[in-house]
Amino acid sequence: MSSGFSEADIPFLMNRNVNYSEQVWYILAVVLFVVGCFQWGSFLHSKFARRRHHESDEEMTTANGLRHNFTLRRIPLALINFYRVVAFRWTFEIGQTYTLNMAEVFVTLAYISILLIYTFINTTTIEGQKLDIVYWSSRAGVLAASQFPIVTALGTKNNLVSLVTGISYDRLNYIHRMMARTCFMLLWVHGAGQIVSFPSIRSILNEAWLRAGITAMVAFSILIIVSLRPIRTEAYEVFFYTHFFGVLIFLLGGYYHTSYTQHSFWIWPSFVFWGLDRFIRAVRLVVFNHSYFGFKSGSGTMDATTELLSENVVRLRLHRPPHFHWSAGQSAYLIMPSVSTLPFEAHPFTIASFDSSLLSTATTDDQSTSDENNEIQRPILEGASVLVNVREGFTKNLKEVAVRKGKVKVFVDGPYGPSPDLGSYDTSILVAGGSGVSHSLPVFLDVIERVRKGKSSCKRVVFIWSIRGTEYVRWIEETLIKAVQLAPPSLTVSIRIFITGPPSTTQSLSREDNPSVSSSTEKKGTTEHIVTKRVSFSSSLLSLRGVKMEFGRPDLDALLKEEVSIASGRMSVSVCGSHGIARTVRKALRFPVSGPCSILSGGPSVTLHVESFGYA
């Protein structure tokens, strides 16, 4: 490809490279400001605004929950729900496990478009050569370098983007990966363009700045490969080590390379953001684990006991110090030097315990629960505990410790993430799959506590849990019993437990044992009872009002539509489970369930919260 680039073009090239990179930053700043205003405005409205139930709204709801009276006064609310459905429940599905909502698709396309537009505009040389390769290949490299600070910030746990927008770091993780891959594309455009436009580049391969750039690109290429979801999920330790050292090599090489063209000022802020995050995390580690560092003995020790709950689930119970607190739904990073390959590995887990004295105030009338069950459930009531899905590497090593009921030394970095504020919702629905209950259960208990204290307007809370076998119920049975007993009369509690395991491996109650247990397996009109072993847990739970256990997969579409049909006001649906469960819930809450017509006719305004399941 010929190029009409000359020395006279150099000042224009340098000036445009800097100006266009700055303009991209102005666009990003405006977007972050708008998102921040929207997010913080919604948070403040939910947190402090007093709920007002207008008489006209009450007239729309009859005693049996049927709605009528179409009204235009609810047009703003209908538009908000229309946006929620289109942006967050319409999805672009890639395979069986990868899903992007339309908001993520829009942000991705917009970001790539902006960078490509700024890469190729005004690339005409003084001699009139349009789309000159020297112009756009050079600018692609500078634009990519200008994005390194925000890419680095989005990859840290404590960052300014989360502070400005009010969006937690884990929800920004997709944006981090998307922007990094876009920069990767631009850097290859930069490198390939430079090779084509300067055939003599081989003669200067001994130049340090050029070798630094090549080294940085090799490190970046490896990073992109190991960050792909299959590798990140199945070999998290490989991703962790490669990411840590690869980023360091890439940034150092990039800084040295850009110093040659005087663009290194785009790189050094990345070291500041990364260093600030590490400093904050180090301080938190010392504060929450100070006994390990010799500042004080006893109270700061975060040793954990291990317990094998099932073949693939391990529970860690931490004897937390009095100064360690968290909110329902938050997570923490755990460092276990004796279990992990490297001593500084940090693995994220949702805190499955409830940091409150709520349950300690309840007394259970039915004392038939065995001592073994009490021991299994006590971690939910006391201390801090997490549920760990066993896979390979770190979790497999932890399982080996749990088999012999050993103890491990744990450093805790956290808590992180927002706690869902459900105080302003009239109906709260919590959907969990398997160990996803570690998020849903604390939120369920938090709703009950807030209603008891008069801090929530919730009138109905529904807890839906899909599990493989009835032995899973033992994890939280006593907790659920106490929660139902503590629920005030103004709050309707519904607990639906679905057993999805095959009959040969399911320990259960027959329908004759308890009317709250039903089977969804039928043949020619005759119900096929699933009975392989007698009661594996106390029947106290099933004797409570609103508690029901069924065999078979939950029909989430029908369940959610039923709840929407009887609800009014504001409804929250929170889901933490497999990709399949999250995908089903999203589909169930699309049009017409949450459409404008439903809202204008007095239907509930539905908000959906989806928590990531596994590694982000």
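This is a predicted model: local features need pLDDT of at least 70, side-chain atom pairs count only at pLDDT 80 or more; totals for chains, interfaces and linings use all residues.
β10 and β17 (residues 570-576) pair in the parallel sense over 6 bridges; two strands count as paired if DSSP finds at least two bridges between them. Strands (E, at least two residues) and helices (H or I, at least four residues) are DSSP runs, numbered from the N terminus. β10 is also joined to strand β11 (residues 460-467), by 7 bridges, and these two strands run parallel. Opposite Val431 stands Ile464 of β11. Between β10 and β11 the chain passes through helix α15 (residues 437-452), and this β-α-β crossover is right-handed, that is, with the strands pointing away from the viewer, the path from the first strand over the helix to the second runs clockwise.

Because 7 of the 7 residues of β10 (residues 427-433) are buried, the strand is largely enclosed by the rest of the structure. Buried denotes under 20% relative accessible area, with exposed over 50% and partly exposed in between (1.4 Å probe, protein chains only). Thr427, Ile429, Val431 and Gly433 point one way from β10, Ser428, Leu430 and Ala432 point the other way, and all are buried.

The largest nonpolar core has 43 residues, and those with the most contacts inside it are Phe444, Phe463, Trp465, Leu480, Ile495 and Ile497. Such a core is a set of buried Ala, Val, Leu, Ile, Met, Phe, Trp, Tyr and Cys residues joined through side-chain atoms within 4.5 Å. Two or more residues of this core come from each of β10, α15, β11, α16 (477-486), β12 (492-499) and β16 (547-551); α15 gives the most, with 8 residues. Residues up to four places away in sequence aside, Ile497 touches Trp465, Ile467, Val473, Leu480, Leu541, Lys548, Met549 and Glu550, contact meaning heavy atoms within 4.5 Å. A second, separate core of 40 residues includes Leu28, Tyr111, Met217 and Ile267.

An open sheet is formed by 4 strands in the order β7-β4-β3-β8, with antiparallel pairing. Its edge strands, β7 (384-389) and β8 (407-408), each pair on one side only. Strand β4 (residues 313-318) is joined to β7 by 6 bridges, and Val314 stands opposite Val388 in β7. Helix α14 (residues 394-403) packs on the sheet and touches β3 (304-310), β4, β7 and β8. The direction of α14 makes about 95° with that of β3, where axes are lines fitted to C-alpha atoms, for helices over the stretch in contact, and angles run from 0 to 180 degrees between N-to-C directions.

Residues are numbered from 1 along each chain as its sequence is written, and side-chain values use heavy atoms, with hydrogens and water left out. Local features need pLDDT of at least 70 and side-chain atom pairs count only at pLDDT 80 or more, whereas totals for chains, interfaces and linings use all residues.
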